[in-house]
Amino acid sequence: MKHTFVSISFVVLIFCTSVRAEEEHFRFGLGTNINQLFSSSSSSPLSIYVPLVLNERWCIEPSVQFDYTNQIRNNQIDNRYYKEKNTITQVTISIGGMYRTMIDSSLLWYAGARSSVIVRYSDYNEEGYNSYRKTRNVTYACGPALGIEYYITQSFSLGSEADIVYSYLDHPKDVASSGYTLTSEFTNRLNSEFLIFLRWYAK
């Protein structure tokens with residue numbers, strides 16, 4: 001899966017950047033995934049997208065996402081109290097290549113693919129029992145994407161996108177552990193995602 005991910009990412013990047021960038025149509029911008037505003041999850045990852053519109057048809061969009069979760073829970077066993085701490089840090093780096101078609105002057109649809117590398121660090125500790133676990137794992141993901149984008153103004157747009165994502169989890173790396181046997185949550189997974197974007201473009 002690693003070789004497949006690298007190959008897809010390389011093809012997406014080289015193919016899109018080989019498309020001639022037309023000066024009168026080239027635009028760059030910044031965007032974010034605003035799904036977290038509608039999520040009940042306590043985790044609110046920060047995602048930043050950088051759309052690079054090469055011409056009327058082609059766009060590449062690298063992105064980075066940072067997610068940090070810190071959970072603390074107090075437990076009691078046989079009149080003995082102890083504290084559980086679980087800290088998870090996750091960084092996602094991705095690249096997408098899109099073919100765009102204008103529907104009218106302010107609305108377009110696009111189709112393409114995205115590929116990502118997700119690095120996840122976990123630090124779990126049980127105070128009072130001298131038990132701890134630190135792990136690191138890497139997930140590779142790729143899949144097709146289909147979306148629409150509506151330009152509210154020349155500089156701001158609102159869009160939605162549906163993705164089918166195939167993910168492969170590399171086995172966790174045991175950075176440090178005590179009294180634990182490490183297991184993978186999954187090896188391969190196929191799922192769908194629905195994203196909502198807010199983008200700003202430089203004139």
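**Close-up views of a predicted model**

**View A. Cys-59 and its surroundings.** Leaving aside neighbours within four places in sequence, Cys-59 is in contact with Pro-51, Leu-52, Val-53, Leu-54, Gly-96, Gly-97, Met-98 and Arg-100, where contact means heavy atoms within 4.5 Å. The model is predicted, so local features need pLDDT of at least 70 and side-chain atom pairs count only at pLDDT 80 or more, while totals for chains, interfaces and linings use all residues. Residues are numbered from 1 along each chain as its sequence is written, and side-chain values use heavy atoms, with hydrogens and water left out. Cys-59 is buried, with a relative accessible area of 6%; buried means under 20% relative accessible area, exposed over 50%, and partly exposed in between, for a 1.4 Å probe and protein chains only. Cys-142 is likewise buried, at 11%. The count of disulfides (pairs of cysteine sulfur atoms within 2.5 Å) comes to zero.

**View B. The largest nonpolar core.** This core has 11 residues, among them Cys-59, Val-53, Met-98, Leu-108 and Ala-145. A nonpolar core is a set of buried Ala, Val, Leu, Ile, Met, Phe, Trp, Tyr and Cys residues joined through side-chain atoms within 4.5 Å. Strands β7 (107–127), β8 (131–151) and β11 (188–201) each supply at least two residues of the core, and the largest share, three residues, comes from β11. Helices (H or I, at least four residues) and strands (E, at least two) are DSSP runs, numbered from the N terminus. In soluble globular proteins, nonpolar side chains tend to be buried together.

**View C. Aromatic pairs.** The count of aromatic pairs comes to three. Rings of Phe, Tyr and Trp (its six-membered ring) pair if their centres lie within 6.5 Å; planes under 30 degrees apart count as stacked, over 60 as edge-to-face and the rest as tilted. Tyr-49 and Phe-197 form an edge-to-face pair, with 4.8 Å centre to centre and 80° between the planes. This pair links distant parts of the chain, with Tyr-49 in strand β2 (residues 46–49) and Phe-197 in strand β11, 148 residues apart. Both Tyr-49 and Phe-197 are buried. The rings of Tyr-151 and Tyr-201 have their centres 5.7 Å apart and their planes at 35°, and the pair is therefore tilted. Tyr-151 lies in strand β8 and Tyr-201 in strand β11, 50 residues apart; both are buried.

**View D. Salt bridges around Arg-199.** A salt bridge is a side-chain nitrogen of Lys or Arg within 4 Å of a carboxyl oxygen of Asp or Glu, and the count comes to five. The side chain of Arg-199 meets that of Glu-61 at 2.9 Å, N to O. Glu-61 belongs to the loop between β4 (58–60) and β5 (63–77), 138 residues apart from Arg-199 in strand β11. Arg-199 also forms a salt bridge with Glu-149, at 3.7 Å, N to O; Glu-149 is in strand β8, 50 residues apart from Arg-199. Glu-61 counts as buried, at 3% relative accessibility, and both Glu-149 and Arg-199 are buried.

View E. Glu-161 and Arg-114 meet in a salt bridge of 2.7 Å, N to O. Glu-161 lies in strand β9 (residues 156–169) and Arg-114 in strand β7, so the pair ties together parts that are 47 residues apart in sequence. Both Glu-161 and Arg-114 are buried. Glu-61, Arg-100, Arg-114, Glu-149, Glu-161 and Arg-199 are linked in a network of salt bridges.
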